[in-house]
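Here are a few friendly notes to read alongside the structure. Take them one at a time, and keep the picture open as you go.

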Amino acid sequence: MSGPLALSDLDFTLFQALIERETGIFLTGRLDGRVRELGLASYRDYLDLCQRDVKERTRLLEAIATHETSFFREPKQWALLESDVFPRWRTEVAQGRRLPRVRLWSAACATGEEPWSLAMALLSAFPPGCLPGGASWDMAILATDFSTKALARAREGRYPAARRPQIPPEKLLLHWEEDEDGSLVARDTLRRLVHFDRVNLIRGGWPIPQFDLIFCRNVLIYFEPDVRAKVIDRLLGKLEPDGYLFLGGAETLGGAAGKVRMIIPTVYAPLPAAGKRA
């Protein structure tokens, strides 16, 4: 097949509606390559296929998702955890004002660098046996994404050697092994902390627990304003009253700004009415 694909305004509008309904993402780009690969004559043919074939619809949704990420992205956020949040938690536990229990959620975790970074940060701040009597903190990280392909890569916990400079040397030594081809492979010390699951942020089926920290970075920018507002409201409802919401550097809270106080740019704490248990 050669020449431009047939794509009417109506066809493209229908595609936008399908993708926004499933993911909250407003499609602006083209998918010519996949349509040609399938030998279809038009976008209407591809739309019909996606409507009736769940596997192809899933492939479509994963094709338009962005999975670019890295270890310890947004350094100021990690510095806040290490210099303020984690020390305060240790103090509160020592004073009997907090249980040594931590629940974190990496929403839209993509290929997993973020939850593995969280696991490394937790183990550095609260190493096994650090409590009186040799007890350990109860820690767990939930990592979710709507892309099954990205989640499969995240679960594998294997990354190319080129990612090595992103991980501090002491954390690299403690928590990663080097495979024969030079790839980095997560050790069990990390794997014991992280659980992966598929969650679509604009649909039902959200995790039940409340979380101390929620990382939802660089995904809200793809949502239309009304969808973004609903997702932020639900995220705030999943935070503990003294929890924190971490967003990406290009993201704003929009209408939800009045429901939080800013800790540093991109990090927010819910005001009492927003942070109540859902």
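1. How close do the axes of helix α5 and helix α6 come, and at what angle do they cross? Please keep in mind that this is a predicted model. Helix α5 covers residues 75–94 and helix α6 covers residues 113–125. Their axes come within 11 Å, and the crossing angle is roughly 45°. Angles under 35 degrees count as roughly parallel and those from 65 to 115 as roughly perpendicular, so an angle in between is called oblique. That is why α5 is described as oblique to α6. The handedness can be given too: α5 passes α6 in a right-handed crossing.

2. Next, look at the residues where these two helices touch. From α5 come Trp78, Phe86 and Arg90. On the α6 side, they meet Glu114, Ser117, Leu118, Ala121, Leu122 and Ala125. Sorted by class, this contact between α5 and α6 has six nonpolar residues, one polar residue and two charged residues.

3. Now step back to the whole protein. Its secondary structure comes to 10 helices and 10 strands. Of the 278 residues in the protein, 49% are buried. The protein exposes about 13,600 Å², and carbon and sulfur atoms supply 54% of that area. Consider also the contacts between residues at least 6 apart in sequence: 71% of them join residues at least 24 apart.

4. Two residues deserve a look for their backbone angles. Glutamate 74 sits in the loop between α4 (54–64) and α5. Its phi is positive, about 65°, although glutamate 74 is not a glycine. Alanine 108 is found in the loop between β1 (101–106) and α6. Phi of alanine 108 is near 60°, again a positive value in a residue other than glycine. Glutamate 74 has a relative accessible area of 23%, so it counts as partly exposed. Alanine 108 is also partly exposed, with a relative accessible area of 23%.

5. Is glutamate 251 buried or exposed? Its relative accessibility is 6%, so glutamate 251 counts as buried. You will find this residue in the loop between β8 (239–247) and β9 (260–264). Leaving out residues up to four places away in sequence, glutamate 251 touches Cys216, Arg217, Asn218, Val219, Leu220 and Ile221. Another pair to locate is glutamate 251 and threonine 266: they are 15 residues apart along the chain, and their C-alpha atoms are separated by 7.5 Å.

6. Setting aside neighbours within four places in sequence, leucine 131 is in contact with Val93, Pro100, Ser136 and Trp137.

7. Which residues pair up across the sequence in the last two examples? Lysine 230 lies in helix α10 (residues 225–237). With a relative accessible area of 58%, lysine 230 is exposed, and its C-alpha atom is 9.9 Å from that of glycine 255, which is 25 residues away along the chain. Isoleucine 202 is in the loop between β6 (194–198) and β7 (211–216). At 24% relative accessibility, isoleucine 202 counts as partly exposed. The C-alpha atoms of isoleucine 202 and valine 231 are 6.5 Å apart, while 29 residues separate them along the chain.

Note on methods: Residues numbered from 1 in each chain as written. Predicted model: local features only at pLDDT ≥ 70, side-chain atom pairs only at ≥ 80, totals over all residues. Heavy atoms only, no water. Axes fitted to C-alpha atoms, helices over the stretch in contact; angles between N-to-C directions. Helix = DSSP H or I, 4+ residues; strand = E, 2+ residues; numbered from the N terminus. Parallel < 35°, antiparallel > 145°, perpendicular 65-115°, else oblique. Left-handed = near helix turned anticlockwise from the far one by under 90°. Contact = heavy atoms within 4.5 Å. Nonpolar A, V, L, I, M, F, W, Y, C, P; charged D, E, K, R; others polar. Buried < 20%, exposed > 50% of the residue type's maximum accessible area, 1.4 Å probe, protein only. Areas by Shrake-Rupley, 256 points an atom, 1.4 Å probe, with all protein chains shown as cover.
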